[in-house]
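Subject: Structure handover and notes

Hello,

Please find the structure below, followed by notes on what was found in it.

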Amino acid sequence: MKRILLIVSGGIAAYKALELVRLATKSGLAVTAVLTEAGKQFVTPLSLQALTGTKIYQDLFSLTDESEMGHIELSRAADLVVVAPATANILAKMAGGLADDLASTLLLATDKPVLVAPAMNVRMWQHQATQANIATLQKRGILLVQPDEGPMACGEFGPGRLAEPQAILTAIQAALNHGPLKGKHAIVTSGPTHEPIDPVRYLANRSSGKQGHAIAAALAAQGARVTLISGPVNLPAPFGLELVKVETTREMYDAVQAALPADIAICAAAVADWHVEAAAQKLKKDGSGTPPALNLSENPDILASISKPGPQRPRLVIGFAAETEKLQEHATAKRARKGCDWIVANNVGETSIMGGDENEVLLITQTGVETWPRQSKTVLAQKLVEKIVALRLWN
Ligand code: CTP
């Protein structure tokens with residue numbers, strides 16, 4: 001059983017640490033918790049103790065604690081040290097090497113990897129001092145779960161909210177490289193592609209990359225080594241995987257070929273089927289009222305090329321089908337045409353799907369069709385990965 005040492009520092013987000021403990025223990029991790037003085041203002045030692053099922057450590061100079069387990073030993077007994085929420089203050093102490101309470105002393109004494117999930121007011125997060133501390137910590141190999149953006153308890157808006165407990169757990173699992181897909185390599189394509197028309201214009205689509213990124217994170221959480229090949233998106237890079245950023249379908253194709261071999265490939269990207277011979281200079285109106293012709297040429301089909309039988313073919317290849325009508329019929333035909341194992345089919349004619357947070361899909365496999373209910377893209381990704389794990393392809 002993998003063990004984490006969870007340090008809960010002060011801040012309104014500390015209550016989310018309780019949910020994190022609940023999720024972590026449910027996933028089979030053993031959690032020992034340390035509560036700072038400030039943390040105690042927001043969650044009680046008793047509630048943390050009830051959830052972890054073990055003693056909560058609070059004081060540096062506690063004779064009882066030192067006789068049971070010294071602070072040096074405590075700092076090393078876990079496989080990973082997690083600071084969630086991490087305040088601006090504790091990050092500054094870590095960057096400066098201060099050890100003036102139990103939490104900071106453990107962080108200085110530990111020989112284990114450390115993961116921090118910051119939470120603070122947006123100005124405090126964006127302050128040069130905090131950003132410099134984060135840069136210092138990352139340079140030392142400290143793992144970071146980026147804070148989310150959104151409305152804050154203090155009434156302001158911006159980055160600084162603690163990442164959701166599920167996202168922190170995913171990061172913990174990826175850091176522990178712990179899970180049934182350990183040792184397997186997965187390639188995931190995600191997002192739209194941009195096909196330039198001239199230096200300032202491009203052809204694109206409404207894909208946000210949320211589904212592909214969620215799948216990449218879910219695979220990493222199950223221990224896979226993930227190469228995420230993404231078109232232009234406005235999303236933070238998921239934790240613990242290799243991100244390759246591309247613009248065009250042809251670049252995505254090259255990046256996929258370079259990332260092979262893999263055990264699993266999931267093509268969630270909404271790639272452009274065509275490209276334009278891009279003009280070197282901005283296209284100008286010539287005054288005649290005749291628009292310029294866009295001469296389209298077909299792009300390589302990434303999914304079909306990965307699915308071709310041969311020694312490089314991943315054991316499991318999953319494609320997506322974006323359809324606006326006859327979903328099952330078109331997607332079933334697409335599975336056969338592309339040669340992939342499964343197709344996740346979604347109706348993109350419904351405007352809330354592409355770019356939205358939820359998805360409603362059909363899963364078409366060799367053995368039949370499953371209708372999945374409308375659910376968040378994150379949950380859908382986890383369900384899909386659970387189904388992959390359940391295949392026991394590598395046992
Ligand atoms: N795909 C790909 N390379 C392409 C086109 C599509 O890898 N050049 C992949 C997508 O990532 C997706 C699947 O193929 O997994 C189906 O994409 P979709 O756009 O639905 O289908 P198309 O191949 O474009 O077929 P059609 O034009 O008939 O809808």
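Where is the place of P261? P261 belongs to the loop between helix 11 (249-259) and strand 14 (264-267). Helices (H or I, at least four residues) and strands (E, at least two) are DSSP runs, numbered from the N terminus.

Some conventions come before the rest. This is a predicted model, in which local features need pLDDT of at least 70 and side-chain atom pairs count only at pLDDT 80 or more, while totals for chains, interfaces and linings use all residues. Residues are numbered from 1 along each chain as its sequence is written, and side-chain values use heavy atoms, with hydrogens and water left out.

Backbone geometry

The peptide bond from L260 to P261 is cis, with omega near 5°. A cis peptide bond also joins A84 and P85, where omega is about -5°; P85 is in strand 4 (residues 80-86).

K326, not a glycine, has a positive phi of about 40°, and is located in the loop between strand 17 and helix 13. R392, also a residue other than glycine, has a positive phi near 50°. R392 lies in the segment after helix 14 (377-390). With a relative accessible area of 58%, R392 is exposed (exposed means over 50%, buried under 20%, partly exposed in between, with a 1.4 Å probe and protein chains only). For reference, most residues other than glycine have a negative phi, and most peptide bonds are trans.

Ligand site

The ligand sits in the second largest pocket. On a 1 Å grid over the protein atoms alone, a pocket is an open set of points with protein on both sides within 12 Å along at least five of seven lines, whereas a cavity is a set where a 1.4 Å probe fits but cannot get out; lining residues have an atom within 4 Å of a point. A molecule sits in one of these if more than half of its atoms lie within 2 Å of its grid points.

From ligand oxygen atoms, the distances are:

- K338, side-chain N or O atom: 2.4 Å
- D273, side-chain N or O atom: 2.8 Å
- F320, backbone N or O atom: 2.8 Å

The protein covers 79% of the 570 Å² of accessible area that the ligand has on its own (Shrake-Rupley method, 1.4 Å probe; for residues, only the protein chains shown count as cover).

Two buried threonines

T36 is in the loop between strand 2 (30-35) and helix 2 (45-52), and counts as buried because its relative accessibility is 7%. The side chain of T36 reaches the backbone nitrogen of G39 at 3.0 Å. Leaving aside neighbours within four places in sequence, T36 is in contact (heavy atoms within 4.5 Å) with residues including I7, I90 and D101.

T110 is in the loop between helix 6 (102-109) and strand 5 (114-118), and is buried at a relative accessible area of 14%. A polar atom of the T110 side chain lies 3.1 Å from the backbone nitrogen of K112. Not counting residues up to four places away in sequence, T110 touches S75 and V81.

Regards

Technical notes: Polar contact = N/O pair within 3.5 Å; in protein donor to acceptor, adjacent residues only side chain to side chain.
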